[in-house]
Amino acid sequence: MKKNILLALCCCSLLAFTGCSDDYTDATSKHIYGENENPYLKTNTNAQVTSNVALEVNGKHAYVLNLSDYTDKFEELMGMSADAAVAGLDTKATVFYPINTTRNQWLKTAYTKDGAGWYFNSVGQPCSADDADGKATVTLDKAVKTLNVELTEGGIVAGTVLTLNVGFAVNGPDYDDYVRFTFEVGVTDPTVSVVSVTFSSDNATVTLPVEDYKENIETVFDMSIEEFLAKAADNTDIKFCLADPSTGEWTDMGENYTANAPGYWMNTSGEAVSWGTDGYAAYIEYYSSDEACGVGYNDGLAVGTTGKMNVGWVDMNDTSKYFRFVINYTVE
């Protein structure tokens, strides 16, 4: 019986060996990608150019990368200049596509932005122009040989972080000869500073020196801090104004101050009220002589009371330029 079992095993082994190909290239030859297949992204850290991009909600919306700055990398990895890589798109000698880093592959997807770029969603994947989750675009300007990164209009808030990947490759059965551009995009909002304030019998007022917000102010008003302080003191071209804490929209353009001008008493919801009226809770005033805002409260408020303010300065000649405080306060 044992002899029969051993004989059977030997026969099976012979059949298994004869079923294997003697041509080892069958298992190691490169896959030929079809027209509708997304090629695998061959790992090459030397081929990756990473740019840290800081964009602003109400300021700098675009970043420009000059491909000519990387012509040495194009020549090393693709055997051509940056100009030739761009020109090759028209002759199909090269390709320009986004990259899916989750699946580690090139995405053969049609342009959705200006005939040479794409919209990208919050997870860095290309999307349509009308996608509600569209956050940014990457576009190739063939004429000047640049890649342009821009935020979309609306839907972007400070703190948004995006990673966008695109690349050029020599066209062929695979895209192994390539240069890849990774944009690490961080979104800030220089028009807003969020401040937390705690009031108590021992801490009845809080001072906010304007100098502490110099970088924000110089960015949004496009002037030096000295110029800003002079205009803020005059309170004409640049005025101290009140906004709705829920929407950020301006509700008083410095026309109806309810505290020492320029300043406002407010209820806990951030609505302007007069001192001594029902619900008056806290105030903010700008003291040009001190170049600072003073924030105080109604000492009759109960411990545990919370409230909010939304105030700041607006350029009366261009209301798109402004800086405001979002102040959250608590009584202890």
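**Entry 1: ground rules.** I am working from a predicted model, in which local features need pLDDT of at least 70, side-chain atom pairs count only at pLDDT 80 or more, and totals for chains, interfaces and linings use all residues. Residues are numbered from 1 along each chain as its sequence is written, and side-chain values use heavy atoms, with hydrogens and water left out.

**Entry 2: overall make-up.** I noted six helices and 20 strands in the chain. Helices (H or I, at least four residues) and strands (E, at least two) are DSSP runs, numbered from the N terminus. Of the 332 residues, 45% count as buried. The cut-offs are under 20% relative accessible area for buried, over 50% for exposed, and in between for partly exposed (1.4 Å probe, protein chains only). I also looked at contacts (heavy atoms within 4.5 Å). Among those between residues at least 6 apart in sequence, 57% join residues at least 24 apart.

**Entry 3: the five-stranded sheet.** I traced an open, antiparallel sheet in the order β12-β18-β17-β15-β16. Its edge strands, β12 (205-209) and β16 (272-273), each pair on one side only. Two strands pair if DSSP finds at least two bridges between them. Strand β15 (residues 263-266) has four bridges to β17 (residues 282-287), in the antiparallel sense.

**Entry 4: strand β19.** I found eight of the 10 residues of β19 (residues 306-315) buried. Five bridges pair β19 with strand β13 (residues 238-243), antiparallel, and Cys241 stands opposite Gly312 there. Strand β20 (residues 322-331) also runs antiparallel to β19, with nine bridges. Tyr329 in β20 is the bridge partner of Gly307. The hairpin from β19 to β20 goes through six residues.

**Entry 5: salt bridges.** I searched the whole structure and got three salt bridges. The criterion is a side-chain nitrogen of Lys or Arg within 4 Å of a carboxyl oxygen of Asp or Glu.

- Asp90 and Lys142 have their closest N and O atoms 3.4 Å apart. The pair links distant parts of the chain, 52 residues apart: Asp90 is in helix α4 (residues 82-91), and Lys142 is in the loop between β7 (134-141) and β8 (146-151). Asp90 is exposed at 60%, whereas Lys142 is partly exposed at 31%.
- Asp114 and Lys113 meet at 3.5 Å, N to O. Asp114 is exposed at 61%, whereas Lys113 is buried at 16%.
- Asp237 and Lys231 have their closest N and O atoms 3.8 Å apart. Asp237 is partly exposed at 33%, and Lys231 is partly exposed at 31%.

**Entry 6: the largest pocket.** I recorded about 230 Å³ of space in the largest pocket. On a 1 Å grid over the protein atoms alone, a pocket is an open set of points where a 1.4 Å probe fits, with protein on both sides within 12 Å along at least five of seven lines; lining residues have an atom within 4 Å of a point. Its volume is the space filled by probe spheres set on the points, which are joined across faces, edges and corners. The lining includes Leu89, Lys92, Phe96, Tyr111, Asn171 and Tyr175. Strand β3 (residues 94-100) gives the largest share, four residues. By class I have seven nonpolar, three polar and one charged. Here Ala, Val, Leu, Ile, Met, Phe, Trp, Tyr, Cys and Pro count as nonpolar, Asp, Glu, Lys and Arg as charged, and the others, Gly among them, as polar.
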